[in-house]
Protein chains: 4
Amino acid sequence: MGRLVRFGVSLESDLLSRFDRLIRERSYTCRSEALRDLIRQELVQKQWSEGSEIAGAVTLIYDHHRRELVNTLMDIQHNFGSIIISSSHIHLDHNNCLEIIAVKGSPEDAQRLTDSLKSVKGVKHGVLSMSSTGKGL
Amino acid sequence: MGRLVRFGVSLESDLLSRFDRLIRERSYTCRSEALRDLIRQELVQKQWSEGSEIAGAVTLIYDHHRRELVNTLMDIQHNFGSIIISSSHIHLDHNNCLEIIAVKGSPEDAQRLTDSLKSVKGVKHGVLSMSSTGKGL
Amino acid sequence: MGRLVRFGVSLESDLLSRFDRLIRERSYTCRSEALRDLIRQELVQKQWSEGSEIAGAVTLIYDHHRRELVNTLMDIQHNFGSIIISSSHIHLDHNNCLEIIAVKGSPEDAQRLTDSLKSVKGVKHGVLSMSSTGKGL
Amino acid sequence: MGRLVRFGVSLESDLLSRFDRLIRERSYTCRSEALRDLIRQELVQKQWSEGSEIAGAVTLIYDHHRRELVNTLMDIQHNFGSIIISSSHIHLDHNNCLEIIAVKGSPEDAQRLTDSLKSVKGVKHGVLSMSSTGKGL
């Protein structure tokens, strides 16, 4: 985390009043925290595009009644064992399961894992959310 | 899920050969499954933009050493209890935690929950991934 | 534009040094200008999601050899005459044209125009880029 | 463009009826055209992530009253002369200009051009829209 550094920023008054409205709507308590978040968001995108080590979550929706589906998903996850931290499983309704897999590794591996899981018959939707390991942020 | 319906599609040969390459790279076993996924992806975006009931995951990175942070996050989650299904927690390193919260409800509520959690001091990154309850997909 | 207001921001030193590296890479001359851009980017997204008046560009790629295509595109543009400012046309190669249509109006109308143009046979790709009228930014 | 190839696709009846509703709303005349667009959209994303030759548009909003701004934007565009096809300029109101620059080249160069233009003081917003040269689509 490191110690805090303080510096001055100048902004057009119109722009500042719109920004103040935005940060109130989003429940921030001060401008610094809102600005930090905008900066971190930009740095996280940079980490993903540069191939740095990232963290993220793969969210899957699937119909568990499909034969062999659960075994296939398990096999794929074992092939990517080195980037998977854990996974949790939720029964949405009689047919649909939501599975969330926490990953840490390279953006390419995370994307390949997501593509492999999505391609399985019975998986209705898969999406990779892009987050960070938090180092240096 | 419903019964399968079969219909014909016509595609330019160039376009088809590029598509076939893409589906091989992403490990699909047949064109139908790849096309279904493209369709479902579009329908999921529609559900989010129209405010239908959705499912998703909020991924947070935070520094648990911050005083009061964990309690504040807990309080916020209780305020949004009706849309939170479960959450799981991962210790990334000495400082950084990854928390993934599974949600089901309206897109607006999911976004408001994400904004509230992101605005807390010590939360370094928060992102909402857009998935589906799977109904009708 | 309005007069400039100056205020202090505090940032963790690690985060600041990463941000300084990012703004050098993107050729910013000072932190204030980079922060203003992050803020404006967020406000532009807000304008689009709230349905305020926006500006943008529709980029189309199409094959002008298709019969009736050019007339159909023209008809659609006339139906949306109230939001179209101007359009420019570029011959990419023997077959492919790039057309860029500048628009100003509501996000919904801009999206409906884009959808209508994309649905025409012979239009290979269409995308709406989200910008702003600049007011208050 | 090439000759048309026809093949069969099977879809769950629920999914198909939702897709049919979507394509009606977006004014498509047949399923094949809607599916082609979904495929092309995916291929365009692939071209951008793989660094193939692409086409696109940079949309800028700026306040032309800023001293030296117009000259600086011109200088930057000349440095990227090899990827810029043309640009058009629109007076949005007394202060704000909309400028749209059509580009063809590598995704990296297009992004670097966008970053350079965005970093200029007085440029309020800049966005790169991702399209294609249309080859093989």
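In the predicted model, B:Ile90 lies opposite B:Leu98, a residue of β4(B). The two strands concerned, β3(B) and β4(B), run antiparallel and are joined by seven bridges. Strand β4 of chain B covers residues 96–105.

This pair belongs to an open sheet of four strands in chain B. The strand order is β3-β4-β2-β5, and the pairing is antiparallel. Strands β3 (84–91) and β5 (123–130) of chain B stand at the edges. Each has a single partner strand, so one side of each lacks a neighbour in the sheet. From one strand to the next, the twist averages 15°. A helix also packs on this sheet: α4 of chain B, residues 107–118. Helix α4(B) touches β2 (54–63), β4 and β5 of chain B. The direction of α4(B) makes about 170° with that of β5(B).

Chain A was described at the level of the whole chain. Its secondary structure comprises four helices and five strands. Along the sequence, the elements of chain A follow the pattern β-α-α-β-α-β-β-α-β. The radius of gyration of chain A is 20 Å, whereas the globule rule gives 14 Å for 137 residues. The value is well over that of the rule, so chain A is more spread out than a compact globule. The C-alpha trace of chain A spans about 60 × 30 × 20 Å along its principal axes.

Of the 137 residues in chain A, 43% are buried. Contacts in chain A were also sorted by sequence separation. Among those between residues at least 6 apart in sequence, 67% join residues at least 24 apart.

Technical notes
Residues are numbered from 1 along each chain as its sequence is written. Chains are lettered from A and ligands numbered from 1 in the order in which they are written. This is a predicted model: local features need pLDDT of at least 70, side-chain atom pairs count only at pLDDT 80 or more; totals for chains, interfaces and linings use all residues. Two strands pair if DSSP finds at least two bridges between them. Axes are lines fitted to C-alpha atoms, for helices over the stretch in contact, and angles run from 0 to 180 degrees between N-to-C directions. Two residues are in contact if their C-beta atoms, placed from the backbone, lie within 7 Å. The radius of gyration is taken over C-alpha atoms; the globule rule is 2.2 Å times the number of residues to the power 0.38. A residue is buried if 20 or more other C-beta atoms lie within 10 Å of its own, exposed if 12 or fewer, and partly exposed in between; C-beta atoms are placed from the backbone.
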